[in-house]
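Student: I would like to work through this model with you, one question at a time. Could we begin with the ligand and what surrounds it?

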Amino acid sequence: MANRAFDVIVVGAGTAGLPAAICAADRGLRVGLVEAAGVVGGTLHLSTASISAAGTSIQARHGVVDSAELHYDDCMRINRGTGDAKLLAAWTQGAAEMIEWLLSIGWSCDPDAPVLAPEHDLYAIPRTYRSTDQGFGLIDAFKRQLDRGRQQGNIELLLNTRMRSLVHKDGAVGGIVVERDSGLVELNARAVILTTGGYTASERHWRDIHGMAPLRYFRPTVLGDGLEAVSDIGGYYRFSEHVLPTFGGTRDIDSPDFAWIYTVILPSIRPPWEIYVNASGERFMAEDEPSIDARERALMKQPEWFFWCIFDQAIHEQSPKFFRWSDGQVAELFARGGDYVIADTLEELAAKCAMPPNALFATVANYNRGQAAGQDSFGRRAMPLPISGGPYYAVKHYGISICSAAGLAVNADLAPVRQDGSPIDGLYAAGEVIGVGFLGNAFLSGSIVSAAVTFGRQLGQRVLA
Ligand SMILES: Cc1cc2nc3c(=O)[nH]c(=O)nc-3n(C[C@H](O)[C@H](O)[C@H](O)COP(=O)(O)OP(=O)(O)OC[C@H]3O[C@@H](n4cnc5c(N)ncnc54)[C@H](O)[C@@H]3O)c2cc1C
């Protein structure tokens, strides 16, 4: 492929990149959309794609009174004032318009929307919309627009094309260098929009940025390339301190290097019957703690972000369904071992979980005493049964990561900046590459996809305006 020139190059055809490319092409700009993978969609292939926004027509239809200002205040309440004020305001202000645009291009959400979503600490007002068919619903809506842009000749889609560096001359970005089967090629443009996602697939970035690498759920091409390319030309990243685990994932049955939520671990949906025990054989929280944020923080203090859910045969038989898998799959997992342990005695269970047996005996005895007396030492209230008869079970649960807290420092125009605050001309960024940490030190329901699409779309509408 010979060197090429575009008005705008969008790097990464995922959640933020697709709307950026579509909206830039709608303005008649000639767009190069560069994607490392062989398909478009990025993390939307995995994402639940719950989206939050305030002041939408969907809310109005359900009689919900809401505004961007209330959304912003609610976010700052949940994250205890730790969000980036300018970016948070820009997202909450732009989110309703983004929803109307999504509706106009054929996206839809579950009919019960808007909801108060229990996976995170609750907003005060229902403003979360669950995408029909999860992330795939968004991909389908974007693809139709993408195909239109390509047919009109405004978008050139380059799949299996990985950006390796930015073309940077006299303080401004004028293109990118990409790697294709044929080798390295320079692509030039008047503006580059980076939408390469975070660094969830990169163990190296996790260790460099956070000093550890938890189990994660990711697309293999989301490797932190955007962070690296901009760091090479003077940009920097921030918000690494806003890292948080998603509570209680278990390894995927077929792909054990990935983890997601495969047990009913939310106390608002299924009050726990199990106890949570760390590597030292000790409980560390009330298992029915209702605040998801408090749960995540308690887990984050445990070495390597893991714990065992421990229960006995009576609980296994009598409790509401704990696993999202079939009984046959669960039986197979316990037969396999590893993260699924079954033992006739607590001593054997402790040995298989590599925890001190005396500590586990004491933990279970203490829990049982509290359960009998109706007074738990952690203040837990849901204690249907003691843990008293074998066989005993332990299932390893993890604090997992599905996103990247740290990201490029950008200004209010979404232009990456240098340490002295000056913007890098010709360069813009949206999506996880600017770090989900700008949303603050807490998860906000439906915020990541919403901000990615809002900012991606806005950049497509205004670069080179
Ligand atoms: C299981 C799961 C559930 C989730 N649920 C929700 C939810 O309900 N609500 C919510 O708000 N968030 C959710 N998230 C998070 C959210 O989906 C992601 O943060 C978001 O989709 C990321 O969007 P993005 O545009 O930044 O990156 P992506 O969508 O990952 O797109 C980045 C694209 O860039 C490409 N790329 C990377 N490097 C290069 C390069 N060098 N050259 C060319 N292309 C490159 C990648 O291949 C990829 O296609 C979830 C995440 C997961 C994993």
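Predicted model: local features only at pLDDT ≥ 70, side-chain atom pairs only at ≥ 80, totals over all residues.

Student: How many Å separate an oxygen atom of the ligand from an N or O atom in the side chain of Glu 432?

Tutor: A polar contact is a pair of N or O atoms within 3.5 Å; within protein, one must be able to donate a hydrogen and the other to accept it, and residues adjacent in sequence count only if both atoms are side-chain atoms. A ligand oxygen lies 2.7 Å from an N or O atom in the side chain of Thr 15, and a ligand oxygen is 2.8 Å from a polar backbone atom of Val 449. For the side chain of Glu 432, the distance is 2.5 Å.

Student: What percentage of the area that the ligand exposes when taken alone does the protein bury?

Tutor: Accessible areas come from the Shrake-Rupley method with a 1.4 Å probe, and for residues only the protein chains shown count as cover. Taken alone, the ligand exposes 1000 Å², and the share of this that the protein buries is 97%.

Student: Why do the buried residues of α6 line one face of the helix?

Tutor: Helix α6 (residues 203-210) has His 205, Trp 206, Ile 209 and His 210 as its buried residues, where buried means under 20% relative accessible area, exposed over 50%, and partly exposed in between (1.4 Å probe, protein chains only). Seen down the axis, with directions taken from the helix axis to the C-beta atoms, these residues line one face because they fall within an arc of 100°.

Student: Which residue just after α6 takes a positive phi?

Tutor: What covers the buried residues of α6 includes α7 (225-231) and β9 (237-238), contact being heavy atoms within 4.5 Å. Just after the helix, phi is positive at about 75°, and the residue is Gly 211.

Student: Is Thr 196 buried or exposed?

Tutor: Thr 196 lies in the loop between β8 (183-194) and α6, and its side chain reaches the backbone nitrogen of Gly 226 at 3.4 Å. Leaving aside neighbours within four places in sequence, Thr 196 is in contact with Val 11, Met 163, Val 222, Gly 226 and Val 433. With a relative accessible area of 17%, Thr 196 is buried.

Student: Ala 49 and Asp 170 each have a positive phi; is Asp 170 buried or exposed?

Tutor: Most residues other than glycine have a negative phi, and most peptide bonds are trans. Ala 49, with phi near 60°, is in the loop between β2 (31-34) and β3 (50-52) and counts as buried at 2% relative accessibility. Asp 170, with phi of about 50°, lies in the loop between β6 and β7 (172-180), and at a relative accessible area of 84% Asp 170 is exposed.

Student: Where is Pro 391, which a cis peptide bond joins to Gly 390?

Tutor: A cis peptide bond also joins Ala 113 and Pro 114, with omega about 5°, and Pro 114 is in the loop between α4 and β4 (128-130). For the bond from Gly 390 to Pro 391, omega is near -5°, and Pro 391 is in the loop between α12 (357-373) and β15 (392-400).

Methods. Residues numbered from 1 in each chain as written. Heavy atoms only, no water. Helix = DSSP H or I, 4+ residues; strand = E, 2+ residues; numbered from the N terminus.
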